[in-house]
Amino acid sequence: MSNYDTVILDIEGTITPITFVKETLFPYVTSGLSAFLDRTWNSEDLKKQIELLRVQAKKDVEDKIPQAILIPTETEASSEEIKAAVTETIAWQMQMDRKIGALKSFQGYMWKEGYESGILCGVVYDDVTPVLDKWKAEGKKIYIYSSGSVPAQKLLVGYSTKGDLTSYFSGYFDTNVGLKTETESYRNIAKQIGKENETSSILFVTDNIKEIFAAKEAGYQVIISDRPGNSPLGPESKEFKIITSFDQI
């Protein structure tokens, strides 16, 4: 890699183990959802999150997604019926690992309580922070682009095993800027950070080959992160630089 002054990092499988997401963060939502809904039921923040899920559910039903059900409003159903619909909606969407805003927003909302209480602590690989230090010392701008919501991203790096890492990052992007497998998303990010005509000076690091192709098409420099537990890389990955540790960048 050469002459890059901007770095954009994926999270899952890149700076944090997939196992932390799959074995800690996701179960925290699924196992604690019922109690969480009961505990926060009258909060305005929860109502906003449920409304996001309700709008998405209506779209999913209209799109004839088999598992989709409508989430009734408070004038249409009892609290218990609404809670049941929310629980069923979140369960199937998480089982499918959907990368949609309403689900990611709700997950981040639940995780906030977990991080702030100390139950959750974002796992970050040991080899990441020394390279963040190096990039920062060199004046490089560092961003995150993840399918998890921006608030969830900030929680993971803010309450991490390496302490509060938020000072390293100049900004965060989620699927509001576009899907991570679409080239236009990377063009949108470049435009937002003032690199619209300098995409070749941006380095993107991720574990997902489809994201690698999309970012490369947008003119980015790219590196594949191959961490324990990540999906096996196919032959199409061989044309790219592959790392198992950040000190190889």
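Predicted model: local features only at pLDDT ≥ 70, side-chain atom pairs only at ≥ 80, totals over all residues.
Reader: Why is strand β4 described as mostly covered?
Author: Five of the five residues of β4 are buried, where buried means under 20% relative accessible area, exposed over 50% and partly exposed in between (1.4 Å probe, protein chains only). Residues are numbered from 1 along each chain as its sequence is written, and side-chain values use heavy atoms, leaving out hydrogens and water.

Reader: Which residues of β4 cover each side?
Author: I202, F204 and T206 are on one side, with L203 and V205 on the other, and all are buried. In a regular strand the side chains alternate between the two faces of the sheet.

Reader: How do you know which strands β3 and β6 are in the sheet, edge or inner?
Author: Start with the order, β3-β2-β1-β4-β5-β6, an open sheet of six strands with parallel pairing. β3 (171-173) and β6 (241-243) each pair on one side only, which makes them the edge strands. From one strand to the next, the twist averages 25°.

Reader: What makes β1 and β4 a pair?
Author: Two strands pair if DSSP finds at least two bridges between them. β1 (residues 6-9) and β4 (residues 202-206) have four, in the parallel sense, so they meet that rule. One of the links joins T6 to its bridge partner I202 in β4. Helices lie against this sheet too: α6 (residues 150-158) packs on it, touching β2 (141-145) and β3, and its direction makes about 130° with that of β3. α7 also packs on the sheet, touching β1, β2, β3 and β4, at about 145° to the direction of β2.

Reader: What is the partner of F204 in β5?
Author: F204 has V222 as its bridge partner. β4 and β5 (residues 221-225) pair in the parallel sense over four bridges.

Reader: Why are α7 and α8 called oblique to each other?
Author: The axes of α7 (residues 183-192) and α8 (residues 209-217) come within 7 Å and cross at roughly 55°. Axes are lines fitted to C-alpha atoms, for helices over the stretch in contact, with angles from 0 to 180 degrees between N-to-C directions. Angles under 35 degrees count as roughly parallel, over 145 as roughly antiparallel, 65 to 115 as roughly perpendicular and the rest as oblique, so α7 and α8 are oblique. T183, Y186 and R187 of α7 make the contact (heavy atoms within 4.5 Å) with E211, A214, A215 and E217 of α8.

Reader: What makes the phi of K64 stand out?
Author: Most residues other than glycine have a negative phi. K64 is not a glycine, yet its phi is positive, near 60°. K64 sits in the loop between α2 (44-62) and α3 (79-95).

Definitions and conventions
Helix = DSSP H or I, 4+ residues; strand = E, 2+ residues; numbered from the N terminus.
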